[in-house]
Amino acid sequence: MVVTGTWYLVLSAMLFTIGGVGLLVRRNPLVMFMCIELMLNAVNLSFVTFARMLGDVDGQAVVFFVLVVAAAEVVVGLAIIVAIMRRRPRATADDLALLKG
Amino acid sequence: METFVFLVGAAVILAGALGVVLSASATRAALSLIGTLFGIAVLFVAQEAHFLAAVQVIVYAGAIVVLFLFVLMLLGVDTTEDLSIEPITAQRPAAIVAGLAFFGMVMLALSAGADSVTGMPGAFDPVAGTVPDIVALGRSIFTTHVFALEATALLLTIAVVGAVVLVRKAETIDPDDDISPQLQDASTEDGEEA
Amino acid sequence: MLELVWLIPALPLAGFLLLVVFGRRLGEPGAGWLATAAMGGSFAATLVVFLGLIDRPGDDRFFTQTLFEWVPSGDLSVDAGFLVDPLSISFALFITGVATLIHLYSIGYMHGDPNFSKFFIYLNLFAFSMLLLVLGDNLLLTFLGWEGVGTCSYLLISFWFTDKNNASAGKKAFVTNRIGDWGFMVAMFLVFVTIGSLSYVDLLGAADGGQIAAVTATGIVLLLLVGAIGKSAQVPLFVWLPDAMAGPTPVSALIHAATMVTAGVYLLVRVNPVIASSFGWTPDVIAWVGVITALVAATIALAQNDIKKVLAYSTVSQLGFMFFAIGSGAYVAAVFHVITHAFFKALLFLGSGSVIHAMHEEQDMRRMGGLRKFLPITSVTFIIGWLAIAGVPPFAGFWSKDEILLYAWNNNVAIWAAGSLAALLTAFYMSRQVFMVFFGESRWHEPIPAEVPAAAAVADDATSEAGGNEDAEVDPETGDAEPADVPDHAEREHALPADFTPHESPWTMTLPLVVLAVPAVIAGGLNLPFTKDLHFFEHFLEPSLFGNEAVLTGGAGTKWFVAGASIVIALVGILAAAAVYLKRRLSPEPFEQKAFAEGWWIDSTFARLVGGPGTAVFNAADWFDRTIIDGTVNGVASGVRAGGTALRVLQTGLARTYALSIVVGAVLIAAWFLTRASL
C-alpha cells in the first residue's frame, strides 16, 4: 500500500470540510477563528502535496506566504475580538447583528 | 513506513479537528488545534517540506495558538458554549449538508484526476524535475517572489499597527456610554443563557 | 502666434471665475476694473492672433487648435478646439473690442448698484460664451456658446429681477430662444447622421466637395435658419428682443445689439458651402425672412416712444438687412454690416444709456428734447451714430448698407425695393429719435398727453414718495451716491425736481462713446467699393467663403445708381423727419399708426394663441408628463424599493448565515464546473 498524493488530498478535503462546518455551527468567535485556521492548514497541506507531486518548489513558497498572512490575520482578528469582548463579555457571533436589514 | 506515518498523522489531524469543532470549551478547542497543527507538521516532514514543518510548529503551534490562549485568559477561561442549542433556524443541518456537498464535489474533481475539470489540461506529474528543498525554497522566495515577500512585510506592519489601534480605541471609549442598545440587550440575553 | 487663440476665451473665463470667488470682496469699482482688464487682455490676444493670421499667405489662413477630446462617445467624437480663420477672427475682433468698451462703460453706468460685481460676473461669462460660439471648431462647441450667451442674456435681461416685468422679459427671451435652439439641435443631429462628424472642417469640406445631397443640405440650412431666426430676432420670433430692453443699457448694447444677436448671421455665413449645395430656393427663403423682418421692424420703430424700444426695433430691422444680404449671396456685405452695425448700434445704445442716466431713468422720448446743450459729448457721438445708421456717406453704415442693397438688386429687384423702403424708414425713425431727444425745446416737466392719468396715479403712489432715490444712480454734481433700497428701475419717478438740469455722464461712460464714434465714422474704409483693390475686407474673408460669394452682373452704372438711390433715400428720410419733428410742418399722426405702435399685434396674437388654444395643449403635455413620464420613473423607483424590501430578509446581519451562503455558492460553482468536466 503506497501512500500517493491523492491520500493527502483526500485528507486535506476532509480537514477543510470539518473546518468549514465548524465555522458554520460554532458561535464563539474564537472557535470560529480556530476553524478558519483548520481550513487554512488544509489548504497548506494540499499545497505541499502538490509541490511534491509536481516537483515544484513554488507550492511550498505559497504555503510560506499563507503562514505569514494567517499570522497577520490572527493578529488583527484577535484584536477585533478583544475590542468587542471588552465591551460585550460573552458576546457570540450571532449577537453582532447590527447590520440586519 | 510512510503509510504508517500518514495514517497516524491523519488520525491526529482529524481527531484534533473534530475536537476543535465539537468541544464546548474554547480552551479545549485551542488545545485540540495544537494536535491538528502538529499532525500537519508531521505530514509536512513526510513530504520533505522540512522548513515548512519547522515554521508550522514555531509559528502556528508556538505563536498563534499561544495567542489564542492568551486572549482566552484575557477574556476569562470559562468561555463555554452550549452546543445543544442553535439560535439560527436550520443552520446546523444546512451547514452539514453544504459541507458534505462540498466534500463530494472535491472528491468528484479529484476522481477526474488529470482530466479536464476546468477545461485546461491538468498535471499531476513532476514538471520541474527539481526536488523541493530548503535551498530551492529560499531561492524561490527571495528571487521570484521577492515582491510578495516585501508586500507581506508591509502587511505584517500594518497588522501590528492595526491591532494596536483597535485595542487602544476600545480603552478610550467609556464603557458606560454605550451607543448600541441592541448589542446591550443581546449580551444580557446571552448572559442569562450562560 | 496663432497658438495663442485659447487665450481669447480663457481670459474672460478667468475673469468670470475670479469674480465668482472674489467679486463681492473686490466690490465697486474693483470688480468692474478686473472684468474690463480681462476683456482688454482678450482683445489684445485677438489682435495678436489676427496679426499672426494676416502674416500667413491668403490660402493658408485656416488654423485649428485642439485642446482635448471633449465628447468621446462611440461614433461621436467631439473635440474642444478652436478654429481660426478670417471669419471667426473678424467676429472675435469686434466682439472683444466692443465688449471691452462696454465693460468700461458699465463701470460708470452700474455705479451704486448693490449687485455691481454680479453684473460683471455675467458680462464676463457672456463674453466667454460668445467667443466660444465664434471660435469653436465644431457645431457642438458653437452650440455650447449659443446656449451660454442665451443664459447670460436671460440673466442680464432680468438683472433687476425684483421687478416682475424684467423677470418675465427674461423668461420671454429664454423661451423664444428655445424654439430656435430646437432647430439648431436637430440640424446638428442631421449633420452628424449625414457626415458622422460635427466639426466645421469636415462639414464644410464635405459640402464644398459636393458630398452632401441637396435635400439634406436644404434641411440643415433651414433648421439652422430656425436657430438663427430665434437668436437673431427675425420674423416671427423677434418679439423677445424689444422686451429684452428691460435689462441694463450696457447689456442692450453688448448683447442685444452688437454681439449675441449677430450669432445667427455668423452661423449662416459659417455654413455657406452648405447653403451653396442646397436647393436654389433656400437662399430666397433666407432673403425673404430678412427683408420682411427689416420692413416690419422698421415700421414698428416709427411709432415707439421709448428711446430704447426704437433702438431695439432698429436692431431687429438691421439684422433683417444682414439676413437678406446672406440670402442674396452677399456674405461679405453681411459680415461687413455686422461689424459696422456693432459699432454704431453699440454707440447709439450707450448714448441712449447716457441720456437715460442724465434724465434720471426717464426713457420716454416725449419728455426729453433739447438735450444737445446739456450733453455735448453724448449728443455729438449720438448724432454720428445716427448718421451712420441712416446711411449718410461717408459714415460707416452707408457703405455696408449700400453693398447689401447692391447685391439685393443683383439678386432680386423686389427684395431691393423692400430693402430700400426699410432703409428709408430707418433714416426716418432714427432722425425722429434724434430730433425728439436732442433738438427742439426741453419737455422734461411736461406730462405725457395720453398718459396724464397714469402719470398722476404713479405720482400718488406711496412707493414713489421716495423720490428719485429709488434708482441707484449718482448725482455727479453733489457726488452723493444714493443707496438704493430696492433697485427698481421699472417704476420710474416721473416728477423730476423743478430745478432739474441734465448732466453729462462720467468719463468711464463718455470715453467709450468717443472711441466707438471713431469706427462709426471710418469703418466703411474696410471695404470701399470704388476699385477692386479697396475691397480689403472681401479679400480678407475670401478663404472662409469657398468662392460662394455672389457675382455681381451689373456694370458700374448699376453700382452708381444703387448708391445714388441709397443717398437719396437717406436724405429723404432725414428731411421728412425734420419736417415732421423739427419744424413741425406736418402732423406726426399719419406716421405713428396704431398698427405700428402695437407692433402689428404680433405679440398680442402670440399671447392670445398661447393663452387660449395653447393652454389645452400645454395641459395635455403636462398630463402626459405627470402620468406617463413621471409614472414610468416613479414606477421604476417603487419597483426597486419593493424588490429591496423583499430582499431585505436576506440581510440577517448574522455572519454565520453569510458564511453559509459562501459555502453554498462555492458548492454551486464547483458543481457548475463539474457538469462541464469530461469525467
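The side chains of Arg52(A) and Glu2(B) meet in a salt bridge, with 3.3 Å from N to O, where a salt bridge is a side-chain nitrogen of Lys or Arg within 4 Å of a carboxyl oxygen of Asp or Glu. This is a predicted model, in which local features need pLDDT of at least 70 and side-chain atom pairs count only at pLDDT 80 or more, while totals for chains, interfaces and linings use all residues; side-chain values use heavy atoms, with hydrogens and water left out. Residues are numbered from 1 along each chain as its sequence is written, and chains are lettered from A, and ligands numbered from 1, in the order in which they are written.

Over all chains, a search of the whole structure finds 14 salt bridges. Arg52(A) lies in helix H2 of chain A and Glu2(B) in helix H1 (residues 2-22) of chain B, so this pair joins two chains; helices (H or I, at least four residues) and strands (E, at least two) are DSSP runs, numbered from the N terminus. Between chain A and chain B the count is one salt bridge.

Elsewhere, chain C carries a nonpolar patch on the surface, formed by Leu4(C), Trp6(C), Leu67(C), Phe68(C), Trp70(C) and Leu144(C), with about 550 Å² of accessible area together. Such a patch is made of residues with over 30% relative accessible area and no salt bridge, nonpolar side chains (Val, Leu, Ile, Met, Phe, Trp, Tyr) being joined within 5 Å, and accessible areas come from the Shrake-Rupley method with a 1.4 Å probe, for which only the protein chains shown count as cover for residues. Strand E1 (residues 63-73) of chain C gives the largest share of the patch, three residues, whereas Leu144(C) has its place in helix H4 (residues 139-157) of chain C.

The backbone also deserves a look. Most residues other than glycine have a negative phi, and most peptide bonds are trans. A cis peptide bond, with omega about 5 degrees, joins Val235(C) and Pro236(C), and Pro236(C) lies in the loop between helix H7 (214-231) and helix H8 (240-243) of chain C.

Technical notes:
Patch = residues over 30% accessible without salt bridge, like charges linked within 9 Å, V, L, I, M, F, W, Y side chains within 5 Å.
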